[in-house]
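Subject: Structure handover

Hello,

Please find the structure below. My notes on it follow.

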Amino acid sequence: MSQLKNIKITTPTYDEEIPSTRKACKIEPFKVGDEKTLLIASEAGDNKQMINALKSVISNCSNIEDVDSLAAFDLEYLFVKIRSVSVGEESKVGVKCNSCEANNEVSIDLSTVEVLRDVAHKPIIRITNTLGFEMKYTNIDDVGNVNPNNVDEMLEIIARSVKTVFSGDETISVGEDEIEDLKGILDSLTTKQFDNIQEFFTTAPKIQKQINFTCKECSEVNDQTLEGLASFF
C-alpha cells in the first residue's frame, strides 16, 4: 500500500451564521475541485449551471446538510464568506462612475460584506380585513431561473413564496395542491394590493456593501451601494 494514502490535509474551519435563520454553521476554504467546478460553470455562461456550481461549493465547504432549503441571500452571503477565507479578503471589482460612467477598479474587503435588513420588511401581509398572507423566502433555484419580464413566471414565484393564507378565521398552509388556486387569488388583487406583496421581495434581505471612490476619469466622488453576488466579483 502506498504511504501517500496516510497523508491527511488539515483544513481550517470558520464560524459563520445562516442569515435567514440565525443558526450557526461552519465554513472552510475552497478545494481545487471546487474551483474547477466554478470555472467550468462560469465559462459555460449558463445561469442554471452556475447556480448548481454555487450550491455544490457551499455543500462541500460547509456543514450545512440541506443547501436546497437555504434562501437565495443565504447562499450569496455564504459564498462570499467562503471565497473570502479561500483566496483572500480583497476582491477588485469594476464599478461605473455615476457621472461619466467610466469603469473604475475598486477594492472590496469581502470580510466586511453583510446582509442588510430593511426595517420595512415584514413576513405577514394584510390584504383586507379578512385576507392575509404569511410569506417565506424562495430558494436560489426559483429566483435564478425566473424571468422578471414574464408575468406568468413572476406570479408563479410569488405564489410559491406564500407559506400560509389567512382567510377569515381559517389558516391555510400552502402546498403544491394549492398553488394554482393561489395564483387565481393573486391574479384578482388590485394593483395596490399586489404592490403590498411585491414589497416583501423588494425589501427582502440582501448582501450589500457601501463603497466610495474618486473616478479616475472625471474626479467625481462616488458613493454607491453594491448589491447581489455579481457585484462583488
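Helices (H or I, at least four residues) and strands (E, at least two) are DSSP runs, numbered from the N terminus. This is a predicted model, in which local features need pLDDT of at least 70 and side-chain atom pairs count only at pLDDT 80 or more, while totals for chains, interfaces and linings use all residues. Residues are numbered from 1 along each chain as its sequence is written, and side-chain values use heavy atoms, with hydrogens and water left out.

The chain has seven helices and 11 strands. Its C-alpha trace spans about 65 × 60 × 30 Å along the principal axes. Of the 233 residues, 38% are buried, meaning under 20% relative accessible area with a 1.4 Å probe, protein chains only.

The largest nonpolar core has 38 residues. Such a core is a set of buried Ala, Val, Leu, Ile, Met, Phe, Trp, Tyr and Cys residues joined through side-chain atoms within 4.5 Å. Ile58, Leu78, Phe79 and Ile108 have the most contacts inside this largest core, a contact being heavy atoms within 4.5 Å. The elements that each supply at least two of its residues include strand 2 (23-27), helix 1 (32-44) and strand 10 (206-214). Helix 3 gives the most, with eight residues. A second, separate core of 19 residues includes Ile127, Leu131, Ile157 and Ile197.

Helix 3 (residues 72-87) is largely enclosed by the rest of the structure, because 13 of its 16 residues are buried. Just after helix 3, Gly88 takes a positive phi of about 115°.

Regards

Conventions. Expected span 1.5 Å × (residues − 1). Buried < 20%, exposed > 50% of the residue type's maximum accessible area, 1.4 Å probe, protein only.
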